[in-house]
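Good morning, everyone, and thank you for letting me take a few minutes.

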Amino acid sequence: MFYVEQKPSNHIKIGKIGENVACRFLKQKGYEILERNFKRKWGEIDIICSKKESILNLLCSTWNRGIRNVPRGTNDNKLVFVEVKTLKNTNFLTPEDNLTTNKQRKLIRTCQLYISEKGINPDIEWQIDAILVELDTNKRKAKVKHLKSAIY
């Protein structure tokens with residue numbers, strides 16, 4: 001029996017382009033990419049990253065709430081799971097149309113499994129964002145929309 005290498009289909013290529021665009025976008029916004037394409041039998045997480053708020057932002061927010069004794073070195077490290085939806089040159093659908101209820105349930109389950117498998121403190125703050133990428137292949141441009149806490 002011979003193994004015949006199959007070329008990725010067009011929608012897989014478009015999806016990879018969208019994920020690469022999303023990673024560049026997240027890095028520019030200060031996110032650290034931890035892992036990509038975490039797959040399990042029932043689902044996949046496209047991008048796993050973390051976001052740290054600067055100590056200045058934390059001090060300002062705690063000062064405004066009347067909390068003055070913030071331990072030095074405190075930082076807010078949040079785990080962010082990102083679902084990337086990419087569409088190419090279309091006027092009929094939007095990337096949001098592909099975030100079905102079933103897909104959302106699978107994502108939540110896969111995120112919970114990721115936290116468990118990696119031995120991450122289950123009390124860590126985490127969220128699922130969506131990055132929607134619309135590719136214009138004629139102009140070689142992408143329009144990116146970041147929906148924070150899009151799935152809960």
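Is Glu-83 buried or exposed? Before I answer, please keep in mind that what you see is a predicted model. Glu-83, which lies in strand E3, has a relative accessible area of 2%, and because buried means under 20% relative accessible area, Glu-83 counts as buried. If we leave aside its neighbours within four places in sequence, Glu-83 is in contact with Glu-44, Asp-46, Leu-99, Lys-103, Leu-107, Asp-129, Ala-130 and Ile-131.

Let me turn now to the nonpolar cores. The largest of them has 15 residues, and the members that touch the most others are Leu-26, Ile-47, Cys-49, Val-82, Val-84, Ile-131 and Val-133. Which elements supply at least two residues each to this core? They are helix H1, which runs over 10–28, together with strand E2 at 43–53, strand E3 at 76–88 and strand E4 at 126–136. H1 gives the largest share of this core, namely six residues.

Apart from its neighbours within four places in sequence, Ile-47 is in contact with Glu-19, Ala-22, Cys-23, Leu-26, Ile-33, Glu-35, Val-80, Phe-81, Val-82 and Val-84. There is also a second, separate core, made of 14 residues, and among them are Ile-48, Phe-81, Leu-107 and Leu-132.

What classes of residue does the lining of the largest pocket have? There are six nonpolar, seven polar and 10 charged residues.

The second largest pocket has a volume of about 180 Å³, and its lining is formed by Ile-17, Val-21, Leu-135, Asp-136, Thr-137, Arg-140, Lys-141 and Ala-142. Here H1, E4 and strand E5, which covers 141–151, each supply at least two lining residues, and by class the lining divides into four nonpolar, one polar and three charged residues.

To come back to where we began, Glu-83 in this predicted model is buried, with a relative accessible area of 2%.

Notes
Residues are numbered from 1 along each chain as its sequence is written. This is a predicted model: local features need pLDDT of at least 70, side-chain atom pairs count only at pLDDT 80 or more; totals for chains, interfaces and linings use all residues. Side-chain values use heavy atoms; hydrogens and water are left out. A nonpolar core is a set of buried Ala, Val, Leu, Ile, Met, Phe, Trp, Tyr and Cys residues joined through side-chain atoms within 4.5 Å. Buried means under 20% relative accessible area, exposed over 50%, partly exposed in between (1.4 Å probe, protein chains only). Helices (H or I, at least four residues) and strands (E, at least two) are DSSP runs, numbered from the N terminus. Contact means heavy atoms within 4.5 Å. Ala, Val, Leu, Ile, Met, Phe, Trp, Tyr, Cys and Pro count as nonpolar, Asp, Glu, Lys and Arg as charged, and the others, Gly among them, as polar. On a 1 Å grid over the protein atoms alone, a cavity is a set of points where a 1.4 Å probe fits but cannot get out, and a pocket is an open set with protein on both sides within 12 Å along at least five of seven lines; lining residues have an atom within 4 Å of a point. Grid points are joined across faces, edges and corners, and a volume is the space filled by probe spheres set on the points.
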